[in-house]
Amino acid sequence: MFANSYTQSSSFGLRETNPILGVGLVEQMQFLFVRVVKANDLPSKDLTGSLDPYVEVKLGNYKGVTKHLEKNQSPEWNTVFTFSKDRMQSSVLEVLVRDKHILKDEFVGVVRFDLHEIPTRVPPDSPLAPQWYRLENKKGEKGKGELMLAVWIGTQADEAFSEAWHSDEASSVDSSTPSNHIRSKVYHSPRLWYVRVNVIEAQDLVFLSEKNRGLSNVHIKAQIGNQVLKTKSMQSQNTNVLWNEDLMFVAAEPFDDHLILTVEDRVGPNKDEILGRTFIPLATVERRADDRIVHSRWFNLQTPSSSDIEEPKKDKFSSRIHLRVCLDGGYHVLDESTHYSSDLRPTAKQLWKPPIGILELGILNADALTAMKTRHNRGTSDTYCVAKYGQKWVRTRTITDSLNPKYNEQYTWEVFDPATVLTVGVFDNGQITEKGSNGNRDTKIGKVRIRISTLETGRVYTHSYPLLVLHPSGVKTMGELHLAIRFSCTSMPNMMLLYSKPLLPKMHYKMPLTMVQLDMLRHQAVAIVAARLSRAEPPLGKEVVEYMTDADSHLWSMRRSKANFFRLMSVFNGVFAVGKWFKEVCAWTNPITTVLVHVLFVMLIFFPELILPTLFMYNFLIGLWNYRYRPKYPPHMNTRLSCADSVHSDELDEEFDTFPTSKSSDLVRMRYDRLRSVAGRIQTVVGDVASQGERIQALQSWRDPRATVIFMLFCVVASAVLYAVPLRLLIVTGGLYVMRHPKFRHKLPPAPLNFFRRLPARTDSML
C-alpha cells in the first residue's frame, strides 16, 4: 500500500540475491598463503662480501616483494602474502631471493612449489609451522643458503589474512604502490566535545590608543585551532566591559589545543587593537555531564607582545577577564545530519546505556562498476568500500584493476539505538596508478544508507544495491553493491523502551542550541574528524569523510526543494482522501455507504463511550491489513522521491555550482529571477495563512465593529441554545444537515463562511 507511493524504474531498485554464505555473512574464498619468515647463510654476490637481500613471491603475473635489508646475510622479514585462487594463472609458485642493486637486482636463489602439493588449512586448525628450504640456483641445483617458509591454502577466516599482502590489492601493473594505501583497516573517530565559553566581563583594561580612552568599542575573539568566534562589540566609558555571552566550539580528544582569548578594541574601520590575551589549555578545563553550574574564574591578560602560552606571572596590576569555561559532555556532537545519524549517544561515557543489539555487515562484492580511469587503453577501477556506523569506520582492502571486485569482508558494530543509519560507500583509490601513488583524491562511486529500525531482528538481508549518484548530466547508476546485513537484538525490552525516550541526550532539551549554532558546530566537527582520519594509515581522505557524512546537504537545491514539497503533499494525501470520501458521502454518490455513515454517526453520538475505542480499533485493523503489504526490502535511495529522474539540466548545474558561485552574471541573474518567482508563490501562501489567523483575531478586536457585534450576538444565542437543548441532539442535527441530500443544497457558500471571508485582515495595512 505504502511501498508503491514512489515507484521508480527497476534499474534503480533493489534486487534480492541468494549467495552461498560460508563464513558468517560472506562467501568463502580460497587464497594461497605464503609466509616468508627469514633466511640463513645467504651467499654474497658483491666483491665486498655484503648482501642487501629481499624476497619476491611470484605466481604467474602476480608478485609480492618484501623490504630489502642492507648488509644482512641472515635477514628476518616475517611477511605474509596471499594470492586469490580465482586469479591463479600458474601451477608453480616461485619464491626468489634477490640482492638489491642500483642498476639491476641480482638473483641469489629460488624455492619452487607445485600448487597441487600445497596443503589446505581450515581454522580452527593450528597455524602451519614454517620449514627450512634449501635455495636452488638458475640451473635447479641446490646451493648455499636456505629460506624459512610456510605455504598453505586457506580462506579469509585465516588469522593471517588481515596482515597479509593481497595479490588482488595490487596487480603487476602497480606493484610499486605502498601497501598502506591498499590495506583494509578499522578506524575510530576521535571523541568530540562541545566547549562552552561564557564570557562574562573584563576589568582594568589598558587602552593603548588615546582617542579611545573616553569611549571604547571592545570585543573578545576566542580561538581553538581553526575555529574563531567573536563576541558582540560593547561600548564602555571606563575600563570595565560586560558581555555575559556564550561561545560554542568543538574539540577532540586528546586535548592538545589551547583556548586563546584576545581582547580587542575597535580603533577604526577594519582595524582592531589588541589589549591583551590569555591561553587556557583544554586539558585543564572542567568537564560536566549535566546542566550544573560551572564555577567561574578570573584569568590575567598577557600583554599584546607576549606569546607565552604558559601561565603568566602575577603582576601587582594586570588586566583580567572573567570566564566560565567547561567541556559539555551531556550533548551528542553532531558530525552527521540528524536525519541519518549513526550515533546519538552523549559524549560523556558515564551516560552511555548498554547496547541493545549487534549489527553485522558482510561486504560481498560489486558488479558492473563504472570505469573511473584508463589503464592499458581500457577502462578500469581500483575500488574499496568504506562503512560508517557510530564512531567506528571500516575500510576494505583495495581491489585493483577490476570492475567486478570481490571483497567478502565482514564487520560488526554494537547498536545503542535503532533510530540510526548505517552508511556504506564505494570509492576509487586515486593513489594507485601504473607508476604508484600520485597523491590524487579518491573518487566517489556511490553509497548506500540502511536504517537499523527497518531491519527485522535476526533476519539476514542479502540484496544488491544500485549505486546511484547525481551528476551534472542527471542521475546515473554507477554499478551495484552486494551486501549481507543482520541485526541481532540482545535485549528486546530495552529496545522497546527506547521508543519512549528522547532521540537526543537530555542536554539538547534542557539547554538547547540554536539551528545556526548546530550547523556551524557540525561543520567544525566534520573538519576535525576529516583531519584526524586523513593522518591515519591508510588515510581516509577529506573527500571520503565529507561524502560519507553528507557535509554539503545543507546547501540550496531547487531539486531538493521540489522533492520536499512533494513529500509534504504526500503526507496530506491521506487527509485529502478522507475529505474526498466525505464529500462523496455528502453528495450521496453511493447511497448505501451514505446511509451506513448516517447510522454509525448517530450511534456514536448517542453512545460517545464508543468513539475512542472505535477509533483505536479502526487504526489497529488498518495496521493489521497493511501487514501483508509491508516492505520486504530495506528502504533505498529513491530517484522519484528525490525528483532526480525529472530534474531540469539547469537546476542540476545550479546544484553542482560552487559556493560562492563561479557562473556568469547573466546566468546568476536568471537563476535569481527564478528563485524570486518561487519565493513569491511561497510568500503568497504564507500571507494567505496569516490572513486567516488575523480574521479569527478580528472577531473580538473590534476592527470591524459590525462584525464584532454580530459575533457577540451569535455567542449569546449559541450559549442559550447549548444550555437549553441537549448537546447530542445538536450534534446529530448538525451532522445530518451537513450530510443532507444534494436536492436540499445550494451552490452558494454557506452564511458562516461568507461572514468569515468578510472579516478584515491586516493586508490593507502592509506597504
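**Close-up views: a helix pair, a pocket and a cavity**

**View 1. Helices α7 and α12 meet through residues from both partners.** His-598, Phe-601, Val-602, Ile-605 and Phe-606 of α7 touch Arg-728, Ile-731, Val-732, Gly-735 and Leu-736 of α12 (contact: heavy atoms within 4.5 Å). This is a predicted model, in which local features need pLDDT of at least 70 and side-chain atom pairs pLDDT 80 or more, while totals for chains, interfaces and linings use all residues. Residues are numbered from 1 along each chain as its sequence is written, and side-chain values use heavy atoms, without hydrogens or water. Helix α7 spans residues 591–606 and α12 residues 727–738, and the two pack at about 165° with their axes 9 Å apart (axes are lines fitted to C-alpha atoms over the stretch in contact, and angles run from 0 to 180 degrees between N-to-C directions). That makes α7 roughly antiparallel to α12 (angles over 145 degrees).

**View 2. The second largest pocket has a volume of about 1,100 Å³.** Among its 39 lining residues, Arg-345, Pro-346, Leu-351, Lys-353 and Leu-498 are the closest to its centre. A pocket here is an open set of points on a 1 Å grid, with protein on both sides within 12 Å along at least five of seven lines, and lining residues have an atom within 4 Å of a point.

**View 3. The largest cavity has a volume of about 190 Å³.** Leu-192, His-332, Val-333, Asp-343 and Gln-391 are the closest to its centre, out of 18 lining residues. A cavity is a set of grid points where a 1.4 Å probe fits but cannot get out. The whole structure holds one cavity of 30 Å³ or more.

Conventions
Grid points are joined across faces, edges and corners, and a volume is the space filled by probe spheres set on the points. Helices (H or I, at least four residues) and strands (E, at least two) are DSSP runs, numbered from the N terminus. Angles under 35 degrees count as roughly parallel, over 145 as roughly antiparallel, 65 to 115 as roughly perpendicular and the rest as oblique.
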